[in-house]
Amino acid sequence: MVYNGPLFASGELDLDGAPDDMPGVRFRAALCRCGQSENKPFCDNSQLTAGFEDYGAVGEKGDGLNATGAKLDIKPLIDGPLLIQGNLTIRAGSGRIAWEGTKTALCRCGASKNKPFCDGSHKDADFRSG
Ligand code: FES
């Protein structure tokens, strides 16, 4: 996770809806966290003009890694968060390993008060992913 910026995902990624002509996203992707990208779920640097602020702190530790298989399934929900399944390690903005787990929902609307996790604020924010 980047200070005031996107979520950089790396590993063996299975990003739902990723275009076939972008094979690189099976290994690395910069995913929007501010909700303003014109190219969701990818980051297009809209956070720079949107005034998105997040210091990359993570207030939870997670349940640990234990999913079978190496793939990380990333499913952008319509008008909602990124649903993640598989072994996931989240590094705080400082680079420190902050959270490890096998299932979570990450905010992509920019409004969560518990970033990087979704807290349901996308509904009040009237977030539109499309
Ligand atoms: S996607 Fe941002 S709070 Fe749910």
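Visitor: Is Tyr3 buried, partly exposed or exposed?
Guide: In this predicted model, Tyr3 has a relative accessibility of 49%. The exposed class requires over 50%, and the buried class under 20%. Tyr3 therefore counts as partly exposed.

Visitor: Which class does Tyr55 fall into, buried or exposed?
Guide: The relative accessibility of Tyr55 is 55%. Since the exposed class begins over 50%, Tyr55 counts as exposed.

Visitor: How many aromatic pairs does the structure hold?
Guide: A pair of aromatic rings is described by the distance of the centres and the angle of the planes. By the criterion that ring centres lie within 6.5 Å, the number of aromatic pairs in the structure is two.

Visitor: What kind of pair do Tyr3 and Tyr55 form?
Guide: Their ring centres are 5.5 Å apart, and their planes meet at 40 degrees. Stacked planes are under 30 degrees apart and edge-to-face planes over 60. The pair of Tyr3 and Tyr55 is therefore tilted.

Visitor: How many residues apart in sequence are the parts that this pair of Tyr3 and Tyr55 ties together?
Guide: Tyr3 belongs to the segment before strand 1, whereas Tyr55 sits in the loop between helix 1 (47-50) and strand 4. The pair thus ties together parts whose separation in sequence is 52 residues.

Visitor: Where in the chain are the partners Trp99 and Phe117?
Guide: Trp99 and Phe117 form a tilted aromatic pair, 5.6 Å centre to centre with 55 degrees between the planes. Both residues are buried. The partners are 18 residues apart: Trp99 is in strand 6 (residues 97-106), and Phe117 is in the loop between strand 6 and helix 2 (121-124).

Visitor: Which strand gives the most to the lining of the largest pocket?
Guide: The largest pocket has a volume of about 330 Å³. Of its 22 lining residues, the closest to the centre are Phe8, Ala9, Ser10, Leu88 and Thr89. At least two lining residues come from each of strand 1 (7-10), strand 2 (12-15), strand 3 (28-31), strand 4 (71-76) and strand 5 (82-91). With six residues, the one that gives the most is strand 5.

Visitor: How many residues in the lining of the second largest pocket are charged?
Guide: The second largest pocket holds about 180 Å³ of space. It is lined by 13 residues, of which Leu13, Asp14, Leu15, Ala18 and Arg26 are the closest to its centre. Strand 2 gives the most to this lining, with four residues. The lining of the second largest pocket has eight nonpolar residues and no polar ones, and the number of charged residues is five.

Note on methods: Residues are numbered from 1 along each chain as its sequence is written. This is a predicted model: local features need pLDDT of at least 70, side-chain atom pairs count only at pLDDT 80 or more; totals for chains, interfaces and linings use all residues. Side-chain values use heavy atoms; hydrogens and water are left out. On a 1 Å grid over the protein atoms alone, a cavity is a set of points where a 1.4 Å probe fits but cannot get out, and a pocket is an open set with protein on both sides within 12 Å along at least five of seven lines; lining residues have an atom within 4 Å of a point. Grid points are joined across faces, edges and corners, and a volume is the space filled by probe spheres set on the points. Ala, Val, Leu, Ile, Met, Phe, Trp, Tyr, Cys and Pro count as nonpolar, Asp, Glu, Lys and Arg as charged, and the others, Gly among them, as polar. Rings of Phe, Tyr and Trp (its six-membered ring) pair if their centres lie within 6.5 Å; planes under 30 degrees apart count as stacked, over 60 as edge-to-face and the rest as tilted. Buried means under 20% relative accessible area, exposed over 50%, partly exposed in between (1.4 Å probe, protein chains only).
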